[in-house]
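Please read this briefing with the sequence and the 3D view side by side. It goes through selected places one topic at a time.

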Amino acid sequence: EDDFQFIRCEGCRQESPNLKLLTCLHTLCLGCLGKNKPTGQCPLCWTTIPQATGIPDMDNVLFTNLQARLKVYKKIVDGVDLLCDNCKKASEFWCSECEEFLCTKCFKAHQHYLKRESHKAKRVMDIRTGSAKDFLEGTRRIGNLSCSNLTHKSQTVSIYCKKCEKALCCICALLDTQHAPFCDIRSETQRRQEELGTMSQELKQKRSGFEATYTALQDEAAQLEEAQREMRELIQQRVEQLVRQLRQEEEELLGLVEARQEQGRRELARELRHVEGVLRRMEAGERLVEKMSLYATEQEVMDMQPFIKGSLEELQQLQPVALDQAHPGDLGECRARLQAL
């Protein structure tokens, strides 16, 4: 569906199982990152990629997991090879907790033995008539966090240690006295989501300043081009009235105009590129936070929030460039020489 085009690579617009999240909050696949490695910059906003390999360490687990879940939904909608994962008969149900298709017989056994686990299997026909958003909401599990202690992977995680900044199971919380203070994992997940939302709102307000700067720089660039055009015409008219001995002066003046024009164009292009890059980073941040609030599981929030928070804090420190500085491409020297001539 068009609503989920955002899970594709922002460079090549293709789906990829290996999506990386850059510090500028743009998402690229390994293929695009490999092609862009010589520049060492994000191809969308030109932010430097800090890793020497050109491959960021942070995986966009939100987008890759959404791709996997949407593939299941597409399989259900298309009705291709919908076989029970247990007995290989035609499936009639889907359990999002087990991530398995079930026939009617296996579904009854599933409901009997897992009735205390709150597994809610849905009919394939009901999923097929619903939307992708409905399917994703139904598969957005709450209790899929894993304990940071590798020996307790099978334990349910419901506690968060503020000191260690890790999710814990009850065994860790009770036996290891170094962990304190505690809070409920759902409360911590909600707090992190709200923190990202607040930062995103603050960036929206700050974004207006960068947009105003970008517009002003574009206007100044247009004025610069017009001034260069007028000055070139004036120089050519005046020089044509001079004697042959002054042709060399004409060439010098034209060269000076071209030099100032090129200098001004480079300076304005650099500023425009910088501000446009910041705006794209802000858009990427707003979009990512919005999608996390809609579709991220708690594990995805716990994995990605610190990284995203760092990038958003970096964006908050940026300020629009001052426009009261000296204008690039100043033609004062050229006008003075022309007057003297």
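Glu286 sits in helix H8. The model is predicted, and every value below was computed from it.

- Is Glu286 buried or exposed? Its relative accessibility is 12%, and buried means under 20%, so Glu286 counts as buried.
- The side chain of Glu286 makes a polar contact of 3.3 Å with the side chain of Arg207.
- Apart from neighbours within four places in sequence, Glu286 is in contact with Ser200, Leu203, Lys204 and Arg207.
- An α-helix has 3.6 residues a turn, so residues three or four places apart point the same way.

**The cavity**

- How many cavities of 30 Å³ or more does a search of the whole structure find? The search finds one.
- The largest cavity has a volume of about 50 Å³.
- Its lining is made up of Phe6, Glu10, Leu21, Leu25, Thr27, Phe63, Ala284, Arg287 and Leu288.
- Sorted by class, the lining has six nonpolar residues, one polar residue and two charged residues.
- Which element gives the largest share of this lining? Helix H8, residues 247-295, does, with three residues.

**Leu25, a residue of the lining**

- Leu25 is one of the residues that line the largest cavity, and it lies in the loop between strand S1 (19-21) and strand S2 (27-29).
- The relative accessible area of Leu25 is 2%; the cut-off for buried is under 20%, so Leu25 is buried.
- Leu25 has a positive phi of about 75°, although it is not a glycine.

- Helix H2 covers residues 61-78, which is 18 residues.
- The buried residues of H2 are Leu62, Phe63, Thr64, Leu66, Gln67, Arg69, Leu70, Tyr73 and Ile76.
- Among them, Phe63 also lines the largest cavity.

- Arg128 belongs to helix H4, residues 124-129.
- With 28% relative accessibility, Arg128 counts as partly exposed.
- How far apart are Arg128 and Val77? They are 51 residues apart in sequence, and 5.1 Å apart in space from C-alpha to C-alpha.
- The side chain of Arg128 reaches the backbone oxygen of Ile76 at 2.8 Å, and Ile76 is one of the buried residues of H2.
- Leaving aside neighbours within four places in sequence, Arg128 is in contact with Ile76, Val77, Gly79 and Leu82.

**Lys88 in a loop**

- Lys88 is found in the loop between H2 and strand S3 (93-95).
- Lys88 has a relative accessible area of 55%; exposed means over 50%, so Lys88 is exposed.
- The phi of Lys88 is positive, at about 65°, although Lys88 is not a glycine.

**Gly209 in helix H7**

- Gly209 is located in helix H7, residues 185-240.
- At 25% relative accessibility, Gly209 counts as partly exposed.
- Gly209 and Gln319 are 110 residues apart in sequence, and their C-alpha atoms are 8.2 Å apart in space.

Methods:
Residues numbered from 1 in each chain as written. Predicted model: local features only at pLDDT ≥ 70, side-chain atom pairs only at ≥ 80, totals over all residues. Heavy atoms only, no water. 1 Å grid on protein atoms, 1.4 Å probe; cavity = no way out; pocket = protein on both sides within 12 Å on 5 of 7 lines; lining within 4 Å. Points joined across faces, edges and corners; volume = space filled by probe spheres on them. Helix = DSSP H or I, 4+ residues; strand = E, 2+ residues; numbered from the N terminus. Nonpolar A, V, L, I, M, F, W, Y, C, P; charged D, E, K, R; others polar. Expected span 1.5 Å × (residues − 1). Buried < 20%, exposed > 50% of the residue type's maximum accessible area, 1.4 Å probe, protein only. Polar contact = N/O pair within 3.5 Å; in protein donor to acceptor, adjacent residues only side chain to side chain. Contact = heavy atoms within 4.5 Å.
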